[in-house]
Amino acid sequence: MHEIVANLNAGRAVIAVAKDGIVIATLEDPIEPATRPPAIIELSGERVAVLLGAVDWWLPEERRELSQLETELPRLPSTEGPAAPVLNADSRESGEALDIEGIANRLHGQLNWIADHIHGNLHLPGDQPIAEMLLADYAHDYGPEVWLIQYSFEQEQKQGDFWQTRALPPQYTQLWPPQKGQPHALIEVSYPPDQSTPTLQQLLGSDSRIGNALTAQPELRNASQAVLNSGVNKLTAVDVAALLRTTLGAIAPPNARMVEAEINEKLGVGWFVRPPAFPEAPGTIQARPPGAPSLLSAPKKPGGPG
């Protein structure tokens with residue numbers, strides 16, 4: 001049996017489209033020993049990706065990394081063939097949307113390569129994606145936009161305990177701009193998904209920890225009220241960033257890490273809170289602490305090479 005370990009980027013990703021920038025904040029949910037906060041990755045001066053889910057894949061018996069999507073995403077090669085389903089042509093000009101599809105397809109190709117190495121039964125919930133990517137950017141002649149792209153694995157049992165795994169085509173949801181008549185609110189995605197967990201927007205007006213934090217910083221109360229009144233796009237990015245740092249910090253689990261960045265349409269990507277440095281070199285056996293989860297086991301194919 002060849003074990004394949006997947007460590008999760010788990011927690012909340014919150015995106016706020018302010019009047020002069022897009023603020024992206026992530027907060028780790030340390031549900032397992034080797035989790036990391038959802039990763040914010042600079043793809044260009046006008047675009048960032050946020051990766052959630054199974055991002056770090058490695059082979060402990062061989063003491064090597066199989067794939068580290070967080071570091072690989074910016075340089076993944078282009079893949080041939082359209083994604084299915086494709087983006088809604090009404091949301092952007094079809095030609096302009098190809099850049100989103102291109103990034104989504106490159107990640108899909110890498111996940112499919114990972115899936116080729118998986119021959120054990122994952123026992124994954126049917127409605128839980130294996131990974132999610134948020135793309136936030138300023139599109140030419142369009143303005144700020146945020147897309148959620150979800151990836152799932154499909155498995156077919158072939159012989160005994162040998163399974164064939166493949167990555168399904170990406171699924172697209174546009175989260176910004178909101179539909180006509182919809183509120184200009186915070187955008188939030190969590191992994192693992194849990195519909196019973198209140199969003200940060202819901203907690204702003206009800207959670208005592210946030211209330212106490214805002215009492216200590218009364219200058220943020222107006223920003224909080226603007227968010228509750230669907231006026232986040234009327235705030236400055238600096239005010240929004242301060243609000244997200246304070247409120248996410250108030251509800252953070254013990255030892256949880258936070259990352260916060262901004263996309264400024266004129267100045268590009270900047271960091272309020274930089275990503276944490278990896279404590280171990282990728283691919284070393286020490287990168288897996290005791291008790292870290294084994295997402296799956298991948299048995300050798302009967303009769304196949306050792």
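Predicted model: local features only at pLDDT ≥ 70, side-chain atom pairs only at ≥ 80, totals over all residues.
Let's begin with the whole chain. Its secondary structure comes to six helices and 15 strands. Of its 306 residues, 47% are buried. The chain exposes about 14,700 Å², and carbon and sulfur atoms supply 49% of that area.

Ala 6 has a relative accessible area of 3%, so it counts as buried. Now find Gln 68, which is 62 residues away along the chain; the C-alpha atoms of Ala 6 and Gln 68 are separated by 9.8 Å. Leu 66 gives a second example, and it lies in strand S6 (residues 64–68). Leu 66 and Val 5 are 61 residues apart in sequence, but from C-alpha to C-alpha the gap in space is 9.2 Å.

Is Leu 66 buried or exposed? Its relative accessible area is 7%, and because buried means under 20%, Leu 66 is buried. Which residues does it touch? Leaving aside residues up to four places away in sequence, Leu 66 touches Ile 4, Trp 57, Trp 58, Leu 59, Trp 113, Ile 114 and His 117.

Next, move to strand S7 and find Asp 137. This residue has 0% relative accessibility, so it counts as buried. What does its side chain reach? One partner is Arg 47: a polar contact of 3.2 Å joins the side chains of Asp 137 and Arg 47.

Is Asp 141 buried or exposed? With 73% relative accessibility, and because exposed means over 50%, Asp 141 counts as exposed. Its backbone also deserves a look: Asp 141 has a positive phi of about 60° although it is not a glycine. Asn 255 has a positive phi too, of about 65°, and it is not a glycine either. At 75% relative accessibility, Asn 255 counts as exposed.

Why pick out these backbone angles? Most residues other than glycine have a negative phi, and most peptide bonds are trans. The peptide bond from Trp 176 to Pro 177 is cis, with omega near 0°. Pro 177 lies in the loop between strand S11 (171–176) and strand S12 (187–191). The peptide bond from Tyr 191 to Pro 192 is also cis, with omega near -5°. Pro 192 belongs to the loop between S12 and helix H3 (200–204).

Strand S12 leads us to our last stop, the largest pocket. About 360 Å³ of space lies in this pocket. It is lined by 14 residues, and those nearest its centre are Glu 188, Ser 190, Asp 194, Gln 195 and Thr 199. The elements that give two or more residues to the lining are S8 and S12. The largest share, three residues, comes from S12. By class, the lining has four nonpolar, six polar and four charged residues.

Finally, look at Glu 188, one of the residues nearest the centre of the pocket. A polar contact of 2.5 Å joins its side chain to that of Arg 12. Arg 12 has its place in strand S2 (residues 11–17). At 13% relative accessibility, Arg 12 counts as buried.

Definitions and conventions:
Residues numbered from 1 in each chain as written. Heavy atoms only, no water. Helix = DSSP H or I, 4+ residues; strand = E, 2+ residues; numbered from the N terminus. Buried < 20%, exposed > 50% of the residue type's maximum accessible area, 1.4 Å probe, protein only. 1 Å grid on protein atoms, 1.4 Å probe; cavity = no way out; pocket = protein on both sides within 12 Å on 5 of 7 lines; lining within 4 Å. Points joined across faces, edges and corners; volume = space filled by probe spheres on them. Nonpolar A, V, L, I, M, F, W, Y, C, P; charged D, E, K, R; others polar. Polar contact = N/O pair within 3.5 Å; in protein donor to acceptor, adjacent residues only side chain to side chain. Areas by Shrake-Rupley, 256 points an atom, 1.4 Å probe, with all protein chains shown as cover. Contact = heavy atoms within 4.5 Å.
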